[in-house]
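Work through the exercises below with the structure open. Try each task before you read its solution.

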Amino acid sequence: MSRTADAAPILGPRASLADVTDRVCDVVVRQPAPLWWWVAVGLSGAFVVLLVVAASELFVVGIGTWGVNIPVAWGFALANYVWWIGIASGGTIISALFYLTGSEWRRATNRIAESMTLWGAACAGLMPIFHLGRQGLFYWLFPYPNVMGIWPQFRSPLLWDFFALICYIFASILFWYLGLVPDFASMRDRAPTTPWRVFYGLLALGWRGSASQWKTYQTVYGILACLLAPMVVSVHSIVGLDFSGGLVPGWHSLQFSPYFVFGAVYSGIATVLLLMIPVRRLYRLETYITGRHLNVLAKLMLVCGLMLTYSYGLEAFMPFYSGNIFDLHMFLNRLYGHYGATYWVKIALNCVLPQLLWFPAVRRSEILLMVLALSVIVGMWIERYIIVVTSLYQDFMPSAWYVYAGTVWDWSILLGSVGLFFTGFLVVLRFVPIVSISEMRETVHEHVGDRP
Amino acid sequence: MANGLGPGADLAVKVGLSAVALGLVCLGLWGWGGPWDDYSTQRNIVQPQPVPFSHRHHVSGLGLDCRYCHTAVEVSSNAGLPPVQTCMTCHSQIWTNATMLEPVRQAYATGKTLRWNAVNYLPDYVFFDHSIHVAKGVGCTTCHGPIGDMPLTWKSASLYMSWCLDCHANPAPHLRPHEAVFDPNWRRTPDTPSGEALLRAYHIHPETLTDCSVCHR
Amino acid sequence: MTALRAVVAEFGTVQDLVAATRRLRELGARRIETYTPFPVEELNELLVGRQTLLPMLIFLCGAAGVVWGFVMQYWGAAVSYPINVGGRPLNSWPAFVPTLFEFGVVWAVTGGFLLFLLFNRLPKFHHPVWAVRDFERASRDAFFLWIDATDERFDRERLGDIARDCHARRLTELAA
Amino acid sequence: MPSLNGSDPGLDLVALRRRLAGTRGRDYWRSLEEAAGHPEFARLMSEEFPAAEGWSDASIDRRRLLQVMAACVALASVSGCGPEKTRKQLLPYIREPEGMVPAVPRFYATAATLGGFAEGVLVKHYQARPIKIEGNPDHPASLGATSHWSQALILSLYDPERSQMPLQRGVPASEQAFVSALFERRSELLRTHGRGLRILTGSVTSPTFAAQMAALLRTFPEARWHQWEAISREAVADGTTRAFGRPLDAVLHVDKADVLLAVGSDLLSWAPGHLRYARDFAAKRRATETGGRMSRVYAIEATPTLAGSVADHRLVLPPDDIMTALGSLAMAVKAAPEGFAPAPSPWLAAVARDLVAHRGAALVHVGPELPAEAHVLVHAINEALGARGHTLDMIEPVAVGAVNQLGSLGELARDMNAGAVDTLLILDVNPAFTAPADLEFAGALAKVPFAVHLGPYVDETASRCVWHLPATHDLEAWSDALAYDGTASIIQPQVRPLYLGRSAHEIVDLLQGSISPDGMALVQNTWRGRAPAGAPFDGFWRAALRRGVVPGTAAKPVDVPLRGDAAAQVKLPAGAPRETLTVLFRPDDGLWDGRFADNGYLQELPRWHTKLVWDNAALIAPRTAERLKLRGDDMVEIAQGGRTVQMPVWILPAQAENCLTLPLGFGRRVAGNVGHGTGFDLYPLRTSDTVWRAAGVSVKPTGRRYHLVSSQHEQTMAGRDMVISAPLDQFAHDPDFLHKMDRRDPEAPTRSIYPSYDYPRYAWAMAVNLNSCVGCGACVVACAAENNTPVVGKEEADRGRLMHWLRIDRYYSGEPDAPGTYFQPVPCMHCEDAPCEVVCPVQATMHDSDGLNVMVYNRCVGTRFCSNNCPYKVRRFNFFGFTRHDPRLPDAWNPDVTVRDRGVMEKCTYCIQRIREAEIAADREDRRVREGEVKTACQAACPTQAIVFGDMNDKQSAVAARKASPLDYQLLAELNTRPRTTYEAHLRNVNPELEEE
């Protein structure tokens, strides 16, 4: 059974240099935006409006509109932040890490992954700013010469994170754009009308595809990939340090950095699957995004799930091993306390359900894959919520223990950011070749040859 | 053509990009220097006052001591704003019908007091104490500039935090002997004790002066 | 007839292009360039050779980023305004490390991208090759070979033979 | 400064009040601010406070209001350091007041009263603005400490909701109108020798007022003077009268009591002189300072009191059993004949033995809520224990005209209904709210043609009287009052009345026919007569004002023999059937009888045991709750004698079974927006014969639930040693036992990988002695008053956003029916290796060279990581612009402390402003700060000296001594944060005989 799944070809029938170019370019430059696109944009746009409203409420009235309190001074915003940055990181892992391993299947998926990274990072970037008590002053975290003669506090994990996030977003944009240059050239050359040609002409920077250009391109792209792969690991490790840098039981743990990276890749791959399956259908890219790709990603998801499960196990083992009463209380409380349900839902969604992926049949069923991907994405949000809230609400001082619950505004921000993500991704779908054409050509060249 | 772009495109784009780059640089420079210009700091800007009071006339001219009007400066965080009465001690005798002084006489007569416009003031979260500065040999003019020669009063220091810190981090050069504190045109002479000597004499511990809690409470 | 700027040959497959290019190189042609829809290893070897300078420069950018990052943090925390934060040492360098890595990477990435533009003389929106018919297909499924007329070994006749042997679809002559 | 008197701003203020009506919680704070924007209001304010001009748009710049003798129009925003384009204005005095130095505080002595009894206080002024209350060290009832009620005075002084103009049938009227109306009545009354004239007051100790009343009753022989205190001490007076044949007051010497039995006692909570008693009590509990010796305290009570919670042994009994127990005890100590009561239980027997063994050093105290019989018995017991002359003295009664208040009020109500009362002056009491329900007082008021109410607020009574007059605040008028021991204090006004206000003295004087009453003259007249002959009165007067006490006025002990048969006369109750429920009425910890309902600090002060805020609840024992199948927050209907109230229940450990404790004072129907509608009014259930307890009560669930808000949600220490408690013996055997426990020794070398900073100049530190703390909460309010911490309201409190910088944790140990109770004040620990600082990305919190953990509000961007990383959770966050919505006038804020804006973190600073003030003063004189020059607000207010603060580097300092104590320990020491605040472990002086049970 599984052999057939694995043996699914990396290219469908009728694949050719011309075909791949035309398919990917024409949906953008030769065809009007399809109805489903408008519907989707309208839908996600509505959520963006919600985000704007929630943000305005936040800026005008204050952080108090949220559920945060003392002791639980961090709430949704931080959970959302880690969640989004995790999704983003997953994208970079696929495009950068697997570029280095030279895996063929990556070529069809990296553009989707990178675009997802950008918008995931964008949503992530909003959260820490929303989260501040005085949002307008977020720039005080930036080391710039000022009339106060004072600097940021470089020992704070939050500051590391601030820098890491900015660097990461910036680097991801460049990486994404660099990969796009040759494809923009293809778009330019396929563009039927002058405005399009100018538009993509400018974006393509006058790329001609000469041997020397290709050489430089490959060198730089390779190096950037080498840099981004470790960077994304480091970025999410630092996100882990935001918590393990504190002494709160449930945060103060050595394994947080790798644990967070596993989680990040996990949710990232899930999101890629969630986006890729509809995209390949809607854009008729089955020839280039085949069962093989789905199969590989599904397996990767399963592996990440297992790594994460291991982390959960370690997390459960440590309190008992250390015997620290605060850790013990926190952990048992996490399982059976006020938020106990969330923990078990998390286990179900992140550890149990994905085991279905052992079955090739499941890996072949696009519906099931999407369902599982969705459940993982939700599960990962819950995990972050648990890390933030259940650690804080009962820490050292019994007298200060209290519970937390998100308000309607917390939820609005979360849903709004989801809307922002999809809107952004839809825009990318509309204006950017969603599969890396030049890299697909190599695949075609290798498997089919150059003649149509 | 292939780009759908005219022949000038290359030049245009290059110019455009360099313009953007230049703009960013300028923005940076403006952000750096902007806060220090007189508009932002309100330095050297004369505030309109109900009565054109001249420190030059009263201090340099008549030789009044700062403390004659700012009575609290040695004992209080606040230097003290002279009551109208203080003006009238002299001006009930001299310039008794100078139109310039009409508001003062009005205030004194009606009890509806004058409204001076503040020249030097700090944000509310900054707690400045005159008495300790004066006690430790920081002269009036060190912060208030050539106040004794101001025909009308203006602010002569930015009063920015970094400006305060410059002195708090390294007070020695700004110290003077006790007797010179209220001297509006004091100059360091060869025989004035060195800043370090004064530092020791006043028992100033510079390492404690940059504590945030020195000014913020 | 005006002076010849270059001759551009169009091929249908990589093999043909490579073959033609190799022939020309054997004849010692210098000023030739190929245009392909995707990078082709053989061409890199034939026409470009190894690129060692670029990686070096990118590494230097990264190194600069790290140095700048440390100097800034050290200066801010220990020199410009030393503050006792939670009893930690002023120069708590281990705490500076995580950001140093990010600085290094982002400087290298930025440098890399700029060098990419620099080495490729991009952006550049004008080039005679675009005058060639069907050149749009250079970014689709056609392979072009540019032989510059100013090449001292340039020989119109032999060029024709090579093109024929390698099943060139078309030869275009570009006027100067 | 032009006074408001004469001008008639009324109408607009009524409009304002109407505008505010109906808004609650945060909305309320906001809407009041809008109201403040009202031009008319602003005009008024500016007339009264030239400084206050434009205050309504004041966001933060209140300091200059005071420190510069100037007003700041348009204000600086908190954030950023840019220029302020809006022009600030400085307004000089015309003539500077004598001796006034800008920005230098001055203190004036006066006294605060509760139930008529004086507590000496000093009022801190800036630019003649009262800013903060401190205790008066020279006053016997204060000794420098203050109650939380006194600490809250400033807030109510500046309360914009105080009554501001006379009302005639609820319609604003001019004072002249009232005066002429009164004079009309007067001429009428003069004809009838005052028939139908009644005056109703609270308990009175003021000699001046007494003299005035005496004179008034001479002018109107047929007039009557009634008194009513809802929290009456009648049982005390009655009991004493029955024991000694005439009314007397007892003055206790707790400092001499080695064994103390507190029976339902208010000794530490609200008895007159409670601050003094608490001080003496605590002094005997600090074993490390008294060579290991420590008083032993027993308590018998039906509902937890402070005394009971800090007792070494507590016996929880229903009221009837308490009487029986007292009987048995009396018998056991030979104060009552054999067979007078059932034989004492082993517990009682042991206590009796202990008491007898400490003859002359033993003391029994019983609270006013127990019946007179109990007091008779206790007097007998104390007599038998030879307490007189040692642990207690009897003095002539302090209160004036100690009448049978209940009877007198009943009589008044009857006469009113009978129409026999045509003129009624109600002076600063609120009978329409607090009178026993059966008197129908409110209804009767309608029958009085000329009923006048003088009060600080328009309350239930005011709204039913023909006339309402705004009363001056305690800090606004001349008066005098006596302390629990008879010591007299002159009450001098600290500020001109902010609104049209009159004092009771002035009203009585008006009725006496004086055209322009002069409070000061009245008080002076009284004291002219009493001043030592020969010496010039002026000197005496000034001295009295300066010291806050009139020297030599303390009452001398009188030697009145106890009636031999006093105890024997007492009829012990048969003992009610077990299952029937009893309710016990008690004053509320914060609102007292309801008079403080409009004070945000007191509404939000977590109640001593329940930690409830903004509400009262029926307190019920766990078992009883179980039996009645009730959970906390269940609404129940409590019925007794056909009267019912509905209210939620709250399960309270250490509560007697089948007893519901009902805290009075809530459920105000006519009050300001702060007090209006918080909690539940229980007076409808309280009748003349059930003033303190009603038996045979039925409780049935209504099925509805109500949301009570408590500031502490976990009742136990969850197996952690927050409060370390040990038996005294263990300490006696091995004083070092504590530091032998793991990592408990602060002196132990801290294993840190960081090179430690040293703090050569000052090392400010705090030590809290858990043996002293009785959990009274004075420190909490003092802290709020000193540090401008906002009141957040019930909704925000419920969302875990209380802003108290200092909280008192209350933990239970053992089984819930009779648990051990521990109070633990928790301010910022000022850790030397502070976890909060390291995680702040913008250096908004860091250390200064005194080792203080300081917070720079204006640098904070609000990441809130510091709070998460604070193991003690002492940081507070401005989730909303709480201070923007705060209704108090700008003048009410402490100018030495930044008023925090929205979105910034804040926390206890060890009152850095006081430290800096002292350091600057010392530096000016080139000397070090001396011990005692810096007192934190909490330390100053603390009646029991539980909190000590000072410089650790000064080995002579009290704090250094406390730190050297073998019982000194750090909270969560295992985290190695090296806190500057440490605690002294709690000791229990257990009676070996009672140990096993």
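This is a predicted model: local features need pLDDT of at least 70, side-chain atom pairs count only at pLDDT 80 or more; totals for chains, interfaces and linings use all residues.

Residues are numbered from 1 along each chain as its sequence is written, chains are lettered from A and ligands numbered from 1 in the order in which they are written, and side-chain values use heavy atoms, with hydrogens and water left out.

**Exercise 1.** Describe the contact between chain B and chain D.

*Solution.* 
- Step 1: Count residues. Chain B places 51 residues in contact with 51 residues of chain D; contact means heavy atoms within 4.5 Å.
- Step 2: Take the area. About 4,500 Å² is buried between chain B and chain D, and carbon and sulfur atoms give 56% of that. Buried area is the accessible area (1.4 Å probe) that two parts lose on being put together, summed over both.
- Step 3: B:Asp124, B:Tyr125 and B:Arg217 supply 19% of the area that chain B buries against chain D, more than any other three residues.

**Exercise 2.** Find the salt bridge and the strand pairing between chain B and chain D.

*Solution.* 
- Step 1: Apply the rule: a side-chain nitrogen of Lys or Arg within 4 Å of a carboxyl oxygen of Asp or Glu. The count is one salt bridge.
- Step 2: Name the partners. B:Lys136 pairs with D:Asp926, with the closest N and O atoms 3.3 Å apart.
- Step 3: Check the strands (DSSP E runs of at least two residues, numbered from the N terminus). Strand 1 of chain B and strand 1 (residues 89-90) of chain D are antiparallel, over two bridges; pairing needs at least two DSSP bridges. B:Asn117 stands opposite D:Gln89.

**Exercise 3.** Which residues form the salt bridge between chain D and chain A?

*Solution.* 
- Step 1: The contact takes 59 residues from chain D and 53 from chain A. The buried area is about 4,600 Å², with 60% from carbon and sulfur atoms.
- Step 2: Look for arginines. D:Arg720, D:Arg859 and D:Arg902 supply 16% of the area that chain D buries against chain A, more than any other three residues.
- Step 3: Apply the salt-bridge rule. One is found: A:Asp395 with D:Lys873, the closest N and O atoms being 2.8 Å apart.

**Exercise 4.** How far apart are the centres of the two domains of chain C?

*Solution.* 
- Step 1: Read the bounds, which come from an automatic or database domain assignment. Domain 1 is 4-51 + 125-175, and domain 2 is 54-119.
- Step 2: Take the centres over C-alpha atoms. They are 45 Å apart.

Definitions and conventions. Helices (H or I, at least four residues) and strands (E, at least two) are DSSP runs, numbered from the N terminus.
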